[in-house]
Amino acid sequence: MPADATSLIPPALDQLRESSPVGPEEVLGLLERLAEVPDPRDPRGVRHRLTVVLALTACAVLAGATSLLAVGEWIADAPAHVLEQVGAHPDPLLPGRALPAETTVRRLLARLDGDALDRAVGSWFADRRPKTTGAAGLTRPGRGRKSLRGAVKAKDRKIHLLAALEHATGLVPAQLDVGEKTNEITCFQPLLDTVADLAGTVVTSDAMHTQREHADYLMGRGAHYVVIAKGNQKKLRRQPKSLPWKDIPLQGRTKNAGHGRSEIRRIKVATVNNLLFPGARQAVQIKRRRTDCKTGKTTVKAVYAVTSLTAEQATPAQLARLVREHWTIEVLHHVRATTFAEDASRLRTGNAPRAMATWRNLAIGALRAAGSKNIAAGLRHNARDPRRPVALLGLT
């Protein structure tokens, strides 16, 4: 994950990022947050409490389980003291009967309210971080939303998830199943409505979400934005593109290499008060010069953006980093697709694929919060001792 994006906010916004950790008396544990998720089962005959099944599943995924079969195996092998910490109390004479089997977990997750589960996990993360402003990204990763490729719901509808990611922490405070592809724009506000406090936050988004109503919404919640101007907003893109950039001095330059190519990015910023976008204060031009290290082919592309941040609130270098770090959400989905084999999963039943995606977000966020830079190594570390995932989730 990238460097702390909260450092991108300049001194003009220091008053908005005063850290005020939540007092211990106000912090709810994971079990309490999971208790907020509605139980879809008939209360008659329920053997395993909802919070117990969900907490055990979260621990199993944090120990590297990539399927519900692996989740069931981890639960079956969990020692008694670990089970007690999540509220499970096996019968010493018949311990197996007091533990949720893989089929129990599968049936429950299939019927679970995925939005409620995401809200519970997002609230648990929010309770454990200081109230600081920073950068949050909302995107369709990889130039398309994250689709659970192996998962198909009723009538062959694939699950498409829209997520908000914090640049600074790599946490996912909000996620929604956006349904059909045409519905994604309308999910912008419902997604961010689940984030309790956006005041002072800088929200980045890709071109699809460069919408005037989105800008009005963010400013109404005290947030700032950095949006890309592309063909879906032709008049807006025409404005920054037509500015006399040749007369504006270069204000920043970065060079890096990776993925078989080298890249030079040059940035220029201009204060413009008549941009055709609510609250826009600056126009940004970023010229990317990419060279393929294998073929030697070089391409040059200009990207234009607008932002509600003033020149006093953000320097050109900080704006360049915000635009670049917007795509860090791709790293999250790369980890889910490779380390957790999400794209290879054939889990299809009801909302179970959506719930497992939430547990993967939780596992990645918990490991990042604990300082882990290599998620795969962190999972292997947890797999060697069942007490470790329980401790990471604060269930001890």
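Of the contacts in the protein with a separation of 6 or more, 67% are accounted for by residues 24 or more positions apart. The structure is a predicted model and comprises 14 helices and ten strands. The protein has 396 residues, and buried residues make up 51% of them.

The average pLDDT of the protein is 82, and 83% of the residues score at least 70. Residues 1–25 have a pLDDT below 50, and in the model this stretch has 54 contacts beyond near neighbours in sequence. The pLDDT is also below 50 over residues 139–145, a stretch with 26 contacts in the model beyond near neighbours in sequence.

Helix packing was examined for two pairs. Two packed helices are described by the angle between their axes and the distance between the axes. In the pair formed by helix H2 (residues 50–62) and helix H12 (residues 352–369), the axes come within 9 Å and cross at roughly 60 degrees. Angles of 65 to 115 degrees count as roughly perpendicular and angles under 35 degrees as roughly parallel; H2 and H12 are therefore oblique to each other. Their crossing is right-handed. On the H2 side the contact is made by Leu54, Thr57, Ala58, Val61 and Leu62, and on the H12 side by Met356, Trp359, Arg360, Leu362, Ala363, Ala366 and Leu367. By class, the residues of the contact of H2 with H12 comprise ten nonpolar, one polar and one charged.

In the second pair, the axes of helix H3 (residues 68–77) and helix H5 (residues 102–111) cross at roughly 130 degrees and come within 8 Å. This angle makes H3 oblique to H5, given that angles over 145 degrees count as roughly antiparallel and those from 65 to 115 degrees as roughly perpendicular. The crossing of H3 and H5 is right-handed. H3 contributes Leu68, Leu69, Val71, Gly72 and Ile75 to the contact, and H5 contributes Glu102, Val105, Arg106 and Leu109. Six nonpolar residues, one polar residue and two charged residues make up the contact of H3 with H5.

Helix H12 also holds Gly365. Gly365 is buried, with a relative accessible area of 0%. When neighbours within four places in sequence are left aside, Gly365 is in contact with Phe125 and Leu171. Between Gly365 and Val172, which are 193 residues apart in sequence, the C-alpha to C-alpha distance is 7.3 Å.

The loop between helix H11 (329–338) and H12 contains Ala341. The phi angle of Ala341 is near 50 degrees, which is a positive value in a residue other than glycine. Ala341 has a relative accessible area of 29% and is partly exposed. Arg348 lies in the loop between H11 and H12 as well. With a relative accessibility of 44%, Arg348 counts as partly exposed. The C-alpha atoms of Arg348 and Ala110 are 8.7 Å apart in space, while the two residues are 238 residues apart in sequence.

Burial was also examined along helix H10 (residues 316–325). Seven of the ten residues of H10 are buried, so this helix is largely enclosed by the rest of the structure. The buried residues of H10 are Pro316, Gln318, Leu319, Ala320, Leu322, Val323 and Glu325.

Among the strands, E9 (residues 282–292) includes Thr291. Thr291 has a relative accessibility of 22% and counts as partly exposed, because the cut-off for a buried residue is under 20%. Apart from neighbours within four places in sequence, Thr291 is in contact with Gly260, Arg261, Ser262, Gly296, Lys297 and Thr298. A separation of 8.8 Å lies between the C-alpha atoms of Thr291 and Ile264, which are 27 residues apart along the chain.

Conventions: Residues numbered from 1 in each chain as written. Predicted model: local features only at pLDDT ≥ 70, side-chain atom pairs only at ≥ 80, totals over all residues. Heavy atoms only, no water. pLDDT = per-residue confidence, 0-100. Contact = heavy atoms within 4.5 Å. Axes fitted to C-alpha atoms, helices over the stretch in contact; angles between N-to-C directions. Helix = DSSP H or I, 4+ residues; strand = E, 2+ residues; numbered from the N terminus. Left-handed = near helix turned anticlockwise from the far one by under 90°. Nonpolar A, V, L, I, M, F, W, Y, C, P; charged D, E, K, R; others polar. Buried < 20%, exposed > 50% of the residue type's maximum accessible area, 1.4 Å probe, protein only.
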